[in-house]
Amino acid sequence: MSGAGLGTARLRRAAGRTAAVAARSIAIFVPVFGVATFVTFALRALSGLSPAHLQLGESATPESLARIEHEWGLDRPFLTQYLDWFGKVLSGDLGTSWYNGADIAQLLTEGAVISLSVAGLALLIGVVFGFGFGILAALRRTTWVDRVITGAMTFISVMPSFVVGIALVAVFAVGLGWLPSAGWVPAERGFGVWLAHITLPAIALSFDTVSDVARQLRAGLVAAYRENYVTGAVVRGLGPRRIFFGHVLRNGIGPALTVLGLKFPNLLGGAVVTEAVFGMPGFGQFAAASAQRGDVPAVQGVLVVSIVLVVVFNLLVNLILARLTPASARGV
Amino acid sequence: MNLVRRSRQLAAAAAAVLALATTGCAGDAGSAAGESTLRWAVALPAHWDPVVSGSGAQFRILSLAYASLTEIDEQGRAVPSLAKGWDYNSTGDQVTFHLRPNLKFSDGEPLNAQAVKLYLERAKTQKNSALFGDLTSIKEITASGDLDVVVNLTQVDYQIPLLLGERVAQITSPKAAQDPVKLDQNPVGAGPFTVTEFVPGSHVYLKKNPDYWDAANIHLDRVELHAAPDSATIVSSLQTGVYDLAYLDAAQVKAAKAAGLDVVLQPGFNASNISINVNKKPFDDPKVVDAVRYAVNRQEFVDKVTFGYGKATDQPFPPGYLAYDEKSAGLFPYDTAKAKQLLAEAGYQPGQIKLDLVIPAQSAAAEIVQAQLAAVGITVSIKVDPNWSTPFFAKDLTLSLYGTTGRESPVQTLTAHFGPNGPLNLSTPYEPEGFEAAVSLARRTPLDSPDYAANLQAATRAGLASRALVFTYAPTNIFVKSTRVSALPAIPGQLHWTGVTVAAS
């Protein structure tokens, strides 16, 4: 067989693997989505929440309550309401908020832009510093560098983002005056201003990711260094760089990447707190406020978008893992 | 080692990103040069149609976009706004408001007598109106010519100029009101500002309205409303100049003063109460209600909830207000021994009464009520119900809490609390004896009559015989503003923008 034919076969195998991972993720996504949305719907029915109390306030009477529930179609059978809603979701229509009557898809898009900006930057910081510290600690394992990094990572992992956020504001906004302490500016108004507004919240949000990724990576790499194939490689006279990239990193990175995959939903969830501290009207704030008000359609919208975001992100991580460590694609 | 260098490079790249960020923050992306902009961090109102918006605190924000038929001054007296004056007929059951000439809404529609009539009729009839209960005195509205709005009343009522102020008569454009759902998210009024950008839950930008009747005295070019950050970081965000104005938690007053910000204690009509249902056991026994009255230590609310920035009150207003009745003050002083004795007389052993205190959100005040009632032997469980308003306004609860921001018309405040249909009377249709006659007399007394205060206080006295409400404390409206913002007019319960300036930063 020629070299070219071998290459095509390998490519085809890789593509097949990618497709298999994608198909499996979608196969998981559909039932998860169905069950999760059904449960939220059932919770509304169980809680007896109604848009009427949000709209009527002091003028709520039993008659006006019934009238508004009828307007929203809440007097119809449960399954009819659910299927109706589900059909609309598939066409991108998330309905209108009970609280202010605004279009939920639009509110969520606006909030998601803010949250994804912050979570994206936090993820970037998490990856850069997490990998940096993790690799450094693994390479200098058991030295004082390793101990300082491990100690610092343990310390920052227990710092709540609320406290970190307030401390960052006190130092960098109030004390030094370098960065704005609150608010949000879209990127259209200038890249620098946008970045300035999301930097402090992103740092506050990234601490957990930095420490978890660094610790997982260090542990993975240190374990890989103890494996026989590394000893074998050393015996065969391979350079430390080739050993690191060819054997250690590739085999030791799995846990860190998996943690990273789990981190993304955490970043969105943690955004509830950082967005409150920094006064950013993002996805997290919207989710928290809607839940507190009992704005059921908004909460359902949040759920739909969260599931999609989490699944897409996990899919990406799975694909990267499949590429790096082929065993993971076989579910081993 | 190579790898160490590589990770150093990564760290350097990250530092560069941060450095880039810091250079970006120098410029102010908000407003054009030379414009004076007020940036207000605030909980944004859900509804921008004044007919739908219910709470008193929200009308303060809506007043940016809407002008009202009348206004109140520092003393709480009705003064001209869109109406430059008004006349009652000799029998007091008809009042004619004279509008200023050549008024128009921000969509260009004329603001004439017809527009005011259409607004008031909409407030009375729209299905989701939060105001219809306030307009029961109004029988019929007619437009006489372009400028005179004739309001025919169901009874003699000299409170109408107070009633048709900020809370009840922020006039909307009749053209925009043809689609009330759209108006609710796209305010069209004749206020000092017009909305230029509106993102629900995020921000609202407004610019000065040159057609506002008093535009000459509005010195702000732009107002930006931003969703407020957590109360823990309000002070630092004003300190760093991100915002100019915000509501302030009493707990943060010290920090705000230390940061060199202006703390504004704005007067108001606020009063909080314990709402009781006398139609339900055990409160059908007046001795149990009296026991609760004696069990309440008002100073504890002032100290722990308002951090001293409030007043103890046993009436639906703060002490010192026109309708506050000195003769009724301190009728039920704090006396736990008396409370225990009354419960024993009613036949209850300590701990025998177990009640649910149902409230919409967790609050320190609820925990104080729980502790104070526990001290006299009443066991209270706090139940937080986000759906609270449904049973509360349907009068299904036995025990709850309420806090009002008050109304410009003191008579309206009284009927809301003590009247047989009052939304804040948890015991409807219960009404204390003599209240109806007393409140009717107060209503029939012209506002400039020498008897007005005395008749009003007599109505308060009659209302306080009600066993449905135990008033506790009157919180103060606290704002924090940057020193660049000039003093705010001290209008009780409201925020006015007339004469307010913001110096360039």
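**Reading cores and strand pairs in a predicted model**

Modeller: This is a predicted model. Start at one residue, L221(A). Leaving out residues up to four places away in sequence, L221(A) touches G134(A), I135(A), A138(A), F244(A), V248(A), L249(A) and G252(A).

Colleague: Which residues have the most contacts inside the largest nonpolar core?

Modeller: A core is read as a set of buried nonpolar residues joined through side-chain atoms within 4.5 Å. Here the largest one has 81 residues. I198(A), L221(A), F244(A) and V248(A) have the most contacts inside it.

Colleague: Which helix gives the most to this core?

Modeller: Helix α5 of chain A, residues 104-139, with 18 residues.

Colleague: Where is the second core?

Modeller: That core is separate and has 66 residues. Among them are V95(B), L111(B), V116(B) and I141(B).

Colleague: Back to chain A. How many helices and strands does it have?

Modeller: Count the elements, then read their order. Chain A has 14 helices and zero strands.

Colleague: What share of the contacts in chain A joins residues 24 or more positions apart?

Modeller: Taking contacts with a separation of 6 or more, the share is 73%.

Colleague: Now a strand. Is β17 of chain B mostly covered or uncovered?

Modeller: Covered, mostly. Five of the six residues in β17(B), residues 399-404, are buried. For pairing, check sense and bridges. β13(B), residues 271-276, pairs with β17(B) in the antiparallel sense over six bridges.

Colleague: Which residue in β17(B) is the bridge partner of S272(B)?

Modeller: G403(B).

Key
Residues numbered from 1 in each chain as written. Chains lettered and ligands numbered in written order. Predicted model: local features only at pLDDT ≥ 70, side-chain atom pairs only at ≥ 80, totals over all residues. Heavy atoms only, no water. Helix = DSSP H or I, 4+ residues; strand = E, 2+ residues; numbered from the N terminus. Contact = heavy atoms within 4.5 Å. Buried < 20%, exposed > 50% of the residue type's maximum accessible area, 1.4 Å probe, protein only. Pairing = 2+ DSSP bridges.
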